[in-house]
Amino acid sequence: MKLQEFHAKTLLSRAGLPVPPWSVASTPGETDESAAAFLDGGADAVVIKAQVLVGGRGKAGGVKLVSSRGDARAAATAILGMDIKGITVRRVLVAPGAEIVRELYLATVLDRSHQRILLMGSAVGGVEIEKLAQDDPDAIVSIHAHPHLGLLPHQARRMAFALGLADHLKEAVAICMGLHQVMVDNDADLVEINPLAIVREAGPDGPVERLALLDAKITLDDSALARHPDLEAMRDLAEEDPVDVAARAAGLNFIRLDGEIGCMVNGAGLAMTTMDLVKRAGGEPAHFLDIGGGARAEKVAEAMRLILRDRSVKAILVNIFGGIARGDEVAHGLIEARTSQERNVPMVVRIVGTNADLAADILAGSDIVSAGSLDEAVERVVTLAREVQA
Ligand code: GDP
Ligand code: MN
């Protein structure tokens with residue numbers, strides 16, 4: 001799950017890291033008021049930033065630096081409602097505009113291949129890290145945290161020196177340690193600050209320079225969200241794929257893929273096997289879908305509705321191994337879904353195990369194809385999908 005910038009900044013600022021103050025606005029009027037508060041408080045400028053769960057907002061025109069209330073209102077008018085990579089901007093973040101001396105990149109990311117948290121930094125900030133990794137991989141400094149001891153202070157110091165932050169050593173170390181802590185505390189798989197900036201501010205004896213986290217991106221491990229009800233509340237349903245939202249609400253394990261064959265299976269292992277067999281027979285699965293053990297008719301019907309929402313699905317394969325799940329329940333669900341569906345897609349069903357004979361009786365009166373074996377079912381569904389496509 002991705003967090004919006006303002007949510008990410010909430011977690012970072014709670015961890016004591018130097019995030020400039022901000023407010024969130026959803027109308028030009030609110031933006032005007034927030035901007036006024038920062039400008040009256042002594043800021044020379046304010047930055048207005050689109051809050052959408054995609055990167056590259058700056059390039060898309062979704063980040064504007066202005067120096068008056070009127071310009072803040074105009075910037076909000078331009079940004080709110082803007083389309084950035086297919087997402088409509090509904091909110092902006094308003095913050096005092098920083099005077100940037102230098103932009104850097106700093107992140108902690110879950111490095112699955114090393115089974116460790118990786119601290120990544122670059123003195124070249126503000127640019128996309130993927131592009132940097134390609135063009136100038138040596139510009140990226142990588143340090144693995146210890147799996148049990150965590151990120152050690154000497155590692156954080158090494159990063160700080162590598163980024164040329166000797167003049168800001170204490171702050172830089174605290175930020176490295178803080179990112180790692182936020183990562184662990186929230187079960188995140190990415191905490192990315194781009195840019196981390198050296199900013200210039202007015203001090204009592206003239207200008208001072210310090211570090212500030214100007215942008216923040218956090219993604220959380222979905223499987224750990226049950227441990228974090230407060231983070232679950234930060235979920236932005238409006239920006240998630242509606243199919244994912246519906247699947248989660250129904251308790252279905254659904255992952256969209258690129259193929260044309262819908263697969264409804266009970267059990268993750270059987271679902272993987274089914275996908276392999278579909279591919280071997282020359283088809284491409286449209287998704288991974290595990291309806292779980294003991295699925296009732298209503299859940300089966302809901303799963304079928306999800307499958308049918310995907311217009312690229314040309315044929316459906318239902319593969320149920322009845323253990324706790326009862327074949328007749330599944331068959332009832334399929335018939336129910338069949339009668340209410342708006343799109344007629346050929347379906348091949350293979351049900352074995354508990355009450356398979358009852359299931360066969362129920363399906364006999366329908367236009368659903370029953371297959372005796374899994375191999376036969378796969379062959380038939382691939383053929384049917386080809387016929388529909390032709
Ligand atoms: P992104 O494009 O979605 O990554 O959004 P960012 O928050 O990273 O903003 C993009 C760029 O806008 C940054 O790299 C900065 O150069 C600039 N920017 C963002 N906030 C400020 C600010 O407070 N002051 C100044 N001067 N520039 C900013
Ligand atoms: Mn950024």
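Reader: Quick one to start: is N355 buried, partly exposed or exposed?
Author: N355 is partly exposed, with a relative accessible area of 24%. Keep in mind that this is a predicted model.

Reader: Okay, and where is N355 found?
Author: N355 is in the loop between β17 (347-353) and α12 (356-364). Its phi is positive, about 60 degrees, although N355 is not a glycine.

Reader: What about D187, what's its phi?
Author: D187 isn't a glycine, yet it has a positive phi of about 50 degrees. You'll find D187 in the loop between α6 (169-185) and β10.

Reader: And is D187 buried or exposed?
Author: D187 has a relative accessible area of 18%. Buried means under 20%, so D187 counts as buried.

Reader: Switching to the metal. Which residues are the protein donors of the manganese ion?
Author: For the manganese ion (ligand 2), they are N194, through O, and D215, through OD, lying 2.2 Å from it. The two come from distant parts of the chain, 21 residues apart. N194 is in strand β10 (residues 188-203), while D215 is in the loop between β11 (206-213) and β12 (217-220).

Reader: Are N194 and D215 buried or exposed?
Author: N194 counts as buried at 15% relative accessibility, and D215 counts as buried at 17%.

Reader: How far apart are L104 and N194?
Author: They're 90 residues apart in sequence and 6.7 Å apart in space, C-alpha to C-alpha. L104 sits in strand β7 and is buried, with a relative accessible area of 0%.

Reader: Now ligand 1. Which residues come nearest?
Author: There are 14 residues around ligand 1, and K49, R57, G58, A98 and E103 come nearest.

Reader: What polar contacts does ligand 1 have with K49, A98 and N194?
Author: With K49, an oxygen atom of ligand 1 is 2.4 Å from an N or O atom in the side chain. With A98, a nitrogen atom of ligand 1 is 2.8 Å from a polar backbone atom. With N194, a backbone N or O atom lies 3.1 Å from an oxygen atom of ligand 1.

Reader: How much of ligand 1 does the protein bury?
Author: Taken alone, ligand 1 exposes 560 Å², and the protein buries 79% of that. The space ligand 1 takes is the largest pocket.

Reader: Which elements give two or more residues to the shell around ligand 1?
Author: Those are β2 (46-50), β3 (63-66), β7 (99-111) and β10.

Note on methods:
Residues are numbered from 1 along each chain as its sequence is written. Chains are lettered from A and ligands numbered from 1 in the order in which they are written. This is a predicted model: local features need pLDDT of at least 70, side-chain atom pairs count only at pLDDT 80 or more; totals for chains, interfaces and linings use all residues. Side-chain values use heavy atoms; hydrogens and water are left out. Donors are N, O and S atoms within 2.8 Å of the metal (3.2 Å for Na, K and Ca); water is not among the atoms, so sites may look incomplete. Helices (H or I, at least four residues) and strands (E, at least two) are DSSP runs, numbered from the N terminus. Buried means under 20% relative accessible area, exposed over 50%, partly exposed in between (1.4 Å probe, protein chains only). A residue is near a molecule or strand if one of its heavy atoms lies within 4 Å of it. A polar contact is a pair of N or O atoms within 3.5 Å; within protein, one must be able to donate a hydrogen and the other to accept it, and residues adjacent in sequence count only if both atoms are side-chain atoms. Accessible areas come from the Shrake-Rupley method with a 1.4 Å probe; for residues, only the protein chains shown count as cover. On a 1 Å grid over the protein atoms alone, a cavity is a set of points where a 1.4 Å probe fits but cannot get out, and a pocket is an open set with protein on both sides within 12 Å along at least five of seven lines; lining residues have an atom within 4 Å of a point. A molecule sits in a cavity or pocket if more than half of its atoms lie within 2 Å of its grid points.
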